Amino acid sequence: MIRWLVRRRQSFGYAFSGLVYMLRTQPHAQVHLLAVVVVVSAGCLTGLAPAEWVVLILSMALVLSLEAMNTALESLADALHPSHHPLVGKAKDLAAAAVLVSALASVIIGTLIFIPHWLS
């Protein structure tokens with residue numbers, strides 16, 4: 001049981017290390033984190049309902065998760081094929097597109113949640 005707990009602790013450590021790496025090295029991840037801080041602050045000031053918080057948290061988590069996957073794919077691709085390769089470039093573009101789609105959807109979700117509160 002102790003060994004299992006130690007391994008779980010190590011796993012969380014690796015995950016946290018990856019999160020810190022992403023936030024320190026990826027400018028877009030830093031922009032997304034700033035957006036999270038702004039949205040959470042605005043949500044606290046606006047007095048959102050629990051269901052609205054759930055939607056916003058899921059949306060923010062999706063963007064940050066896809067940014068982490070994008071960073072992982074780029075790192076792996078660069079390690080496996082350091083020189084330019086058109087298919088590696090396409091894979092990187094597609095991973096970045098996934099982040100972009102989720103970020104745009106998050107902006108729409110945030111707008112749909114906040115605007116009615118601010119207009120009333």
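## Largest pocket

The largest pocket of this predicted model has a volume of about 570 Å³. A pocket here is an open set of points on a 1 Å grid over the protein atoms alone, where a 1.4 Å probe fits, with protein on both sides within 12 Å along at least five of seven lines; the volume is the space filled by probe spheres set on the points, which are joined across faces, edges and corners. The lining (residues with an atom within 4 Å of a point) comprises 28 residues, of which H32, A35, A103, S106 and V107 are the closest to the pocket centre.

Two or more lining residues come from each of α2 (27-46), α3 (50-80) and α4 (86-119). Helix α4 gives the largest share, 12 residues. By class, 18 lining residues are nonpolar, eight polar and two charged (nonpolar: Ala, Val, Leu, Ile, Met, Phe, Trp, Tyr, Cys and Pro; charged: Asp, Glu, Lys and Arg; polar: the others, Gly among them).

## Fold and dimensions

The protein chain has four helices and zero strands, in the order α-α-α-α from the N terminus. Elements are DSSP runs numbered from the N terminus: helices are H or I of at least four residues, strands E of at least two.

Along the principal axes, the C-alpha atoms fill a box of roughly 55 × 45 × 20 Å.

## Packing of α2 and α3

The axes of α2 and α3 come within 10 Å and cross at roughly 170 degrees. Axes are lines fitted to C-alpha atoms, for helices over the stretch in contact, with angles from 0 to 180 degrees between N-to-C directions. The two helices are therefore roughly antiparallel (over 145 degrees).

From α2, H28, A29, H32, L33, V36, V39, V40, G43 and C44 meet W53, L56, M60, V63, L64 and E67 of α3, contact meaning heavy atoms within 4.5 Å. This contact has 11 nonpolar, three polar and one charged residues.

## Contacts of E52

E52 lies in helix α3. Neighbours within four places in sequence aside, E52 is in contact with I113 and H117. E52 and I113 are 61 residues apart along the chain, and their C-alpha atoms are separated by 6.8 Å.

## Basis

Residues are numbered from 1 along each chain as its sequence is written, and side-chain values use heavy atoms, with hydrogens and water left out. In this predicted model, local features need pLDDT of at least 70 and side-chain atom pairs count only at pLDDT 80 or more, while totals for chains, interfaces and linings use all residues.

Key
Parallel < 35°, antiparallel > 145°, perpendicular 65-115°, else oblique.
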